[in-house]
Every structure is written in structure tokens, then in C-alpha cells.
Amino acid sequence: MAAALQLLPRVARAPLRPLLWGGPVVRLASDMALAEQAQQLFESAVGAVLPGPMLHRALSLDPGGRQLKVRDRSFQLQQNLYLVGFGKAVLGMAAAAEDLLGQHLVQGVISVPKGIRAAMEHAGKREMLLKPHSRVQVFEGAENNLPDRDALRAALAIQQLAEGLMADDLLLVLISGGGSALLPAPIPPVTLEEKQTLTKLLAARGATIQELNTIRKALSQLKGGGLAQAAYPAQVVSLILSDVVGDPVEVIASGPTVASAHNVQDCLHILNRYGLRAALPRSVKTVLARADSDPHGPYSCGHVLNVIIGSNALALAEAQQQAEVLGYRAVVLSAAMQGDVKNVAQFYGLLAQVAGTRLIPSIAGASAEEDAKLHELAAELQIPDLQLEQALEAVAGARGPVCLLAGGEPTVLLRGSGKGGRNQELALRVGAELGRWPLGHIDVLFLSGGSDGQDGPTEAAGAWVMPELASQAAAEGLDMATFLAHNDSYTFFCHLQGGTHLLHTGLTGTNVMDIHLLFLRPR
């Protein structure tokens with residue numbers, strides 16, 4: 001907790017105080033105190049997936065310093081350890097790896113977002129920075145998360161290091177979200193511009209992220225297992241911080257250390273589906289034809305150990321544990337919340353109503369119709385690991401306050417030109433939903449925050465709301481519907497009560513998607 005509590009300089013940090021139950025209810029002094037607890041639980045979730053703790057959980061050196069242990073595997077060290085990395089959280093991951101591995105590290109190359117070193121320096125996060133005379137070379141690129149010439153130079157430097165390794169060498173690969181844009185290396189004669197144009201055309205015609213990744217891998221030297229192939233015959237250990245629902249290693253950063261399961265025919269099928277096959281540049285046709293006639297066929301990655309070292313589920317587990325210490329009955333709903341933000345907000349609003357009735361059965365609350373609608377919405381959202389029934393049973397058995405936790409990445413359909421991000425929009429929509437239900441003798445608070453500390457193009461990580469949001473907004477002349485219509489949630493929360501509902505963390509140095517917390521507290 002000590003490290004995590006450094007994330008929120010704008011929040012007063014009184015020690016976390018447990019709620020006391022069994023006898024008369026001892027309530028916290030105010031709603032703001034409950035909001036502070038919510039923010040501190042968010043901090044604990046993020047703190048569990050910071051680069052330092054993650055790397056030290058995954059890696060260790062034996063007392064003699066001759067073996068590197070990765071979970072239950074051991075690798076011999078004899079001046080043979082190299083490092084590459086790419087992603088938004090990789091600077092901090094590389095700093096932690098350098099601190100742990102010291103002189104064993106021979107050389108390294110990482111590709112990180114443009115401006116991140118200056119941002120970490122400005123934020124005072126020196127633990128996220130490499131040492132002054134580091135053996136790791138840093139490239140910055142992919143401004144606005146788009147592959148560019150700087151990222152291409154970084155990718156080629158990473159490829160060169162990998163291709164120079166021998167059978168006795170060990171390559172440590174650090175991967176986090178944003179890694180795909182930071183590792184662009186099209187197969188010649190395809191140019192970066194041609195690959196980008198094709199990707200944009202597919203996206204504009206409605207191609208899914210899986211389809212886009214299939215095409216990217218087919219045209220890349222390093223994605224879809226290409227980096228692992230470049231490093232062969234060296235041993236490869238890939239440490240992955242997941243920012244993708246379900247943690248599929250073949251999708252995160254387009255799977256540079258995972259053999260692609262797709263072939264040329266899959267690519268052609270996608271291109272046909274969106275009417276782009278006839279318009280392909282000659283270079284793309286050449287690369288696809290060459291791959292189709294490759295006598296070696298697809299290659300395996302038997303020399304690779306892929307390890308997920310940080311994920312949304314891990315962050316939620318830490319927050320759940322901390323909530324229980326505080327006296328909450330804490331249940332993780334899902335680490336895979338996804339779908340349109342409107343539907344997700346309606347789900348949370350109904351969940352608060354139905355769970356509130358289970359918590360205090362004597363109070364009039366949700367009807368059978370609302371209960372059915374909640375389950376119908378859950379089915380529509382198709383959340384693969386949703387523990388809805390278990391959560392409602394836990395609420396029914398609780399004798400005090402409840403904290404329901406979830407994570408994932410809802411989507412927002414942009415219709416306006418306002419300022420905000422999916423977390424602030426979700427919070428605003430949940431606030432509107434909570435105001436529709438008579439929640440009676442229960443205090444309810446919902447918080448949504450991005451684990452990377454940035455929610456859209458704003459300085460906030462997210463926001464928190466209570467059922468009183470609508471009345472508070474009306475008292476200040478703020479029309480919630482208008483702000484939602486313009487996707488202007490950040491402006492709304494800036495105006496509301498002087499911005500006190502905004503969640504501020506600054507850059508955290510990690511990214512495992514979003515954290516959602518729903519608190520129910522009997523009065």
C-alpha cells in the first residue's frame with residue numbers, strides 16, 4: 001500500500017479505517033470520506049500492477065547470481081542476458097529489470113511512447129527511469145499511439161539485437177499495451193505508409209480488432225511470433241503486462257513472441273470481405289504471395305516462455321483484499337467488462353438497485369422485472385467471466401457494507417466534440433442511472449478509473465458519483481443530458497463542485513485497462 005499511496009497527491013491520506021459492524025452501524029463522517037476510501041482502493045489496485053512489484057514477483061536471482069528464476073523455470077546466466085521491450089509501461093518495467101538484474105544485463109533496446117521520460121521526470125517518478133549509464137538504449141516514438149518513423153527505427157534496432165543472439169543467449173522481452181504501435185516493421189517491399197493506409201481502410205469499413213491484427217501480423221517482420229523467430233536459437237522469456245480483455249497473449253501487442261495461428265488464406269478472406277483485395281498495393285500482394293509459397297510453412301515458438309505478470313484480474317484481487325480489510329464484503333464481478341458504455345452504465349444502475357434490495361430485504365426496492373432486466377442486460381453484454389449470481393448471493397448474506405469490483409474496457413461511440421474519456425463518461429452515465437432508482441436506506445458510490453492514470457485527452461484518470469449527482473448538477477445549472485450528448489464528461493465534472501468528483505493520479509507507469517468499484521453501505 002505504501003507505494004500505491006504515492007499515486008494520488010491531491011487526496012488527503014488519512015490511514016485507511018475499517019468500518020465497524022455488529023451492533024449499531026458506525027458510519028463514516030461524510031460521503032467524501034467514502035469517496036476517499038474508494039480512491040484509496042483504486043490506488044491499491046494500481047499499486048499491485050506497478051512495474052517494480054510485478055517484476056519482482058516474476059523474476060528472482062539465486063543466491064549465487066548464476067541462475068535467473070522465472071516462476072518455476074530457471075535459466076543459466078553467464079554474461080548472456082539481453083533485453084528488449086515495447087509498450088506504454090515498458091520504461092518502468094525496464095528500470096525494475098535493470099535494478100534487479102544489474103551487471104548480468106549485457107545490452108538492451110526498448111521502444112516507448114514519445115515524451116514519456118520527460119513526463120516521468122516531471123511527475124517525480126524516478127523509480128520508472130533507467131540509470132544514467134544504463135546498458136539499455138531507449139527509443140521514443142509512436143506519438144498519439146500511431147506507428148511512425150521513430151518507432152520504426154526502434155523496431156529495427158530491436159530486430160538487429162535479436163538476430164545477433166546465439167544459442168547460449170537469453171532474451172528477456174518486456175511487453176505492455178501500446179506495444180503494437182511501438183514495434184512497426186513491415187516486411188519489404190511493404191512500406192510503413194502502405195501498411196498504415198491498409199489498416200485504416202479496414203478499420204473504416206468495420207474490421208474487428210482480431211481481423212486487423214491478422215493483417216498486421218501477416219505484413220510484419222516482428223509481430224505474430226516474428227520477434228521470437230528473429231531471436232532463435234536463443235532462449236526467450238517474454239514478460240507481459242496485459243491490457244486486453246481475457247489476457248490473450250497472441251493479441252497483446254500483436255503477439256511478437258507467439259506463433260500466429262493464421263495463414264495467408266485468412267488474410268485474403270478478410271480482404272475479400274471488405275472489398276479491398278483488388279485495390280491492394282503491389283508490395284502487399286508480393287508479401288502475401290511469398291508467404292503462401294513458403295516451403296517451411298508456419299514456425300513454432302518452442303524456445304519461448306510467455307508469462308503474464310500483470311493483469312486487470314491481479315489488480316482487482318488486490319483491491320478486493322484491501323476492501324475486506326476495511327470491513328466490506330468484497331466480490332469481483334468480472335475482469336472482462338466490455339460493451340457499449342450506455343449498456344454498461346445501465347447494468348451498474350440496475351445492479352445497485354437489485355443488490356440494494358438483497359442487502360436490506362425489508363426496504364422496498366427492485367422488482368422482479370428489474371431483476372430480470374439486469375440478467376437480460378448481462379446476457380446482452382456477453383461478459384465471459386461475469387459472477388453475477390455469486391455476487392448477489394454474497395450481498396444477500398452480508399451484514400454490512402458491500403464492495404463489488406470489476407474491470408475491463410467499455411467502448412464509447414463518439415457523437416460530440418467534447419472532452420473526456422470512457423471512465424468519466426461511464427461514471428456520468430452511472431450517476432444518471434443511480435438517480436432513477438429509490439435506493440432508500442443505502443449509500444451508493446460508483447468509481448471508474450483508468451489504471452494508466454489517463455482517461456482520454458484529459459488530466460483525470462476517471463471519476464466517482466453517487467445517486468445525488470443529478471440533484472447536485474441541477475443545483476449548479478448543469479444539464480447532464482447535454483454534456484453526455486457532446487461526450488463532454490470532463491467539462492461536466494470540472495464544473496461540478498469544483499472538480500471534486502474527478503480522480504487524479506497522474507501517469508502511473510502501468511496499464512491494465514479500467515477499474516470499476518461499486519459500494520453499497522447501509523445507513
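Colleague: Which residue in E11 is the bridge partner of Met-337?

Modeller: Gly-408 in E11 is the partner. This is a predicted model, where local features need pLDDT of at least 70 and side-chain atom pairs count only at pLDDT 80 or more, while totals for chains, interfaces and linings use all residues. Residues are numbered from 1 along each chain as its sequence is written, and side-chain values use heavy atoms, with hydrogens and water left out.

Colleague: What makes E10 and E11 a pair, and in which sense do they run?

Modeller: Strands pair if DSSP finds at least two bridges between them. Six bridges join E10 to E11, so they qualify, and they run parallel. A strand here is a DSSP run (E, at least two residues) and a helix is one too (H or I, at least four), both numbered from the N terminus.

Colleague: And how do E11 and E15 pair?

Modeller: Antiparallel, over seven bridges; Gly-407 stands opposite Ile-515 in E15.

Colleague: What is the order of the open sheet of six strands?

Modeller: The order is E10-E11-E15-E12-E13-E14, with mixed pairing. Strand E10 (329-337) and strand E14 (502-503) are the edges, as each pairs on one side only.

Colleague: Which strands does helix H11 lie across?

Modeller: H11 (residues 312-325) lies across E10, E11 and E15, at about 165 degrees to E10. Contact means heavy atoms within 4.5 Å; axes are lines fitted to C-alpha atoms, for helices over the stretch in contact, with angles from 0 to 180 degrees between N-to-C directions.

Colleague: Why is strand E8 called largely enclosed?

Modeller: Six of the seven residues of E8 (residues 235-241) are buried, so the rest of the structure largely encloses it. Strand E7 (residues 170-175) runs parallel to E8, joined by six bridges, and six bridges also join E8 to strand E9 (residues 304-310), again parallel.

Colleague: Lys-223 is buried, so how do you know that it has no salt bridge?

Modeller: A salt bridge needs a side-chain nitrogen of Lys or Arg within 4 Å of a carboxyl oxygen of Asp or Glu. The nearest side chain of opposite charge to Lys-223, Asp-148, is 11 Å away, so there is none. Lys and Arg count as positive, Asp and Glu as negative; His and the chain ends are not counted.

Colleague: What lies 2.9 Å from a polar atom of the side chain of Lys-223?

Modeller: The backbone oxygen of Leu-183 does.

Methods
Buried < 20%, exposed > 50% of the residue type's maximum accessible area, 1.4 Å probe, protein only. Polar contact = N/O pair within 3.5 Å; in protein donor to acceptor, adjacent residues only side chain to side chain.
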